[in-house]
Amino acid sequence: MSPAPLTPLEDALAALLAQAQPLPGGAASVDLLQADGRVLAADCIAPLQVPPLDNSAMDGYAVRSAEVPVAGTVLPVSQRIPAGQVGTALLPGTAARIFTGAPLPPGADAIVMQEECTVLAEGAVRFNAAPRPGQFVRRAGQDIALGSTALQAGLRLTPAALGLAASLGLAQLPVTRQPRVALFSTGDELALPGSLAPQDLPPGHIFNSNRYVLAGLLKRWGCVVVDGGILPDDRAATRAALAHAAQDCDLLVTSAGVSVGEEDHVRPVAEQLGALSLWKIAMKPGKPFAFGHLRRSGGAGQAHFIGLPGNPVSSLITALMLLRPFVLALQGAGVVQPQAHWVQADFDIRKPDSRREFLRVRRNGAGRLELFDNQNSGVLTSTVWAEGLVDNPAQTLIARGDSVRFLPFSELLT
Ligand code: AMP
Ligand code: MG
């Protein structure tokens, strides 16, 4: 039997995204302080303009610029306007003492900063420089125009976006529902850290690391993680656990056990409970990856299913490239693909792989990318050392100095 052809990563991603409709039971309003990382469910239309009034960008004096035509001009000071107060129309031939953020008095068109002024006796001020019209004036609406779309539906909210909403006087924002994701590790060899002392690990066992990697990623991507624990390599136990979780979760994620060995029970169970596509993805690390759905009993719809490979680096990188866009799409995020940068390599790849390869790299002092020396899919150290991945197409040589496609973890882990 010839081996099944490898599925291109783009095809697998397209198939996933075609099934990733935003979750039903949608929008809820949450307080701004709870909204960081959530996806905005509706456009945010500005109910006022920001800033509300023309105001001063400096501590100094508000003037009519035409009345200060040259350095050395002296004007009497006719009023004082601290932030939080509104002045009166600027008397012709005078200046107003003003502070940062205070509204410009009607008639004034420029601010002279106090560093360029000399205070004289009897309430007058000399300007040591002539202002340009509009100088140090923040125009009303320069940040946000009344009625404009300040934040777009589908935006993943950041602290900066929350600040913008707050500047509009909004206390809450409508956000989409967070996916409930059941996370399972599978394999009889797995021991849970803390369940026994490291030196007591029985021969043939390893500690479960994928649980921590995947739970951390899913939380960063806006999911509520339901810990499904470790599934033994046993058909009945796997079936019971997956069927149970499918009832009240939007997505089930497993690691390992999706190959076609007789100890790989996840695939046959998922096929019994629903439908599954098992792909060997043309990526390295990666390969076995399963996607489908599990039917709920009682006709209550279905849950999505994603089976990741078991090798720690493979499971991490397939999660970054496939699980991440999928769960972002479930939340209605407008952008689900990571932003890549072109950066010069400080390494060579002389024997490229027949598959698209994701290399663990980090920037050196020269701003170029260095390669971790062990790219094996079991070496998690590479992913802690690295700052991101080089996405190297199949069969592609890299020579030092070449520009390569860099996907920073700072992008992928958010
Ligand atoms: P499998 O897909 O079950 O053949 O597993 C592939 C490899 O990944 C094996 O070496 C497993 O021991 C390892 N592995 C599976 N699950 C985990 C896990 N949760 N943490 C660390 N390594 C794992
Ligand atoms: Mg296994």
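Strands (E, at least two residues) are DSSP runs numbered from the N terminus, as are helices (H or I, at least four residues). Keep that numbering at hand for this predicted model, in which local features need pLDDT of at least 70, side-chain atom pairs count only at pLDDT 80 or more, and totals for chains, interfaces and linings use all residues. Residues run from 1 along each chain as its sequence is written, chains are lettered from A and ligands numbered from 1 in the order written, and side-chain values use heavy atoms, without hydrogens or water.

**Stop 1: ligand 1**

Select ligand 1 and its shell, meaning residues with a heavy atom within 4 Å of it. There are 16 such residues, and Glu189, Asn208, Ser209, Gly310 and Asn311 are the closest. By class, 5 are nonpolar, 9 polar and 2 charged. Here Ala, Val, Leu, Ile, Met, Phe, Trp, Tyr, Cys and Pro count as nonpolar, Asp, Glu, Lys and Arg as charged, and the others, including Gly, as polar.

Now colour strand E13 (180–186) and strand E15 (206–207). Each gives the shell at least two residues.

From the side chain of Glu189, an N or O atom is 2.6 Å from an oxygen of ligand 1. For Asn208, a side-chain N or O atom is 2.8 Å from a nitrogen of the ligand. At Asn311, pick the backbone: an N or O atom there lies 3.1 Å from a ligand oxygen. Taken alone, ligand 1 exposes 490 Å², and the protein buries 75% of that. Those areas are Shrake-Rupley values with a 1.4 Å probe.

**Stop 2: the domains**

Colour by domain, with bounds from an automatic or database assignment. Domain 1 is 9–24 + 177–330, domain 2 is 33–48 + 147–175, domain 3 is 55–138 and domain 4 is 341–412. The C-alpha centres of domain 1 and domain 2 are 32 Å apart.

**Stop 3: the largest pocket**

A pocket is an open set of points on a 1 Å grid over the protein atoms alone, with protein on both sides within 12 Å along at least five of seven lines; a cavity is a set where a 1.4 Å probe fits but cannot get out, and lining residues have an atom within 4 Å of a point.

The largest pocket holds about 400 Å³ of space. Select Arg156, Leu157, Thr158, Arg324 and Thr414, which are closest to its centre among 22 lining residues. The lining comprises 9 nonpolar, 7 polar and 6 charged residues. Domain 1 and domain 2 each contribute at least three.

Technical notes
Polar contact = N/O pair within 3.5 Å; in protein donor to acceptor, adjacent residues only side chain to side chain. Points joined across faces, edges and corners; volume = space filled by probe spheres on them.
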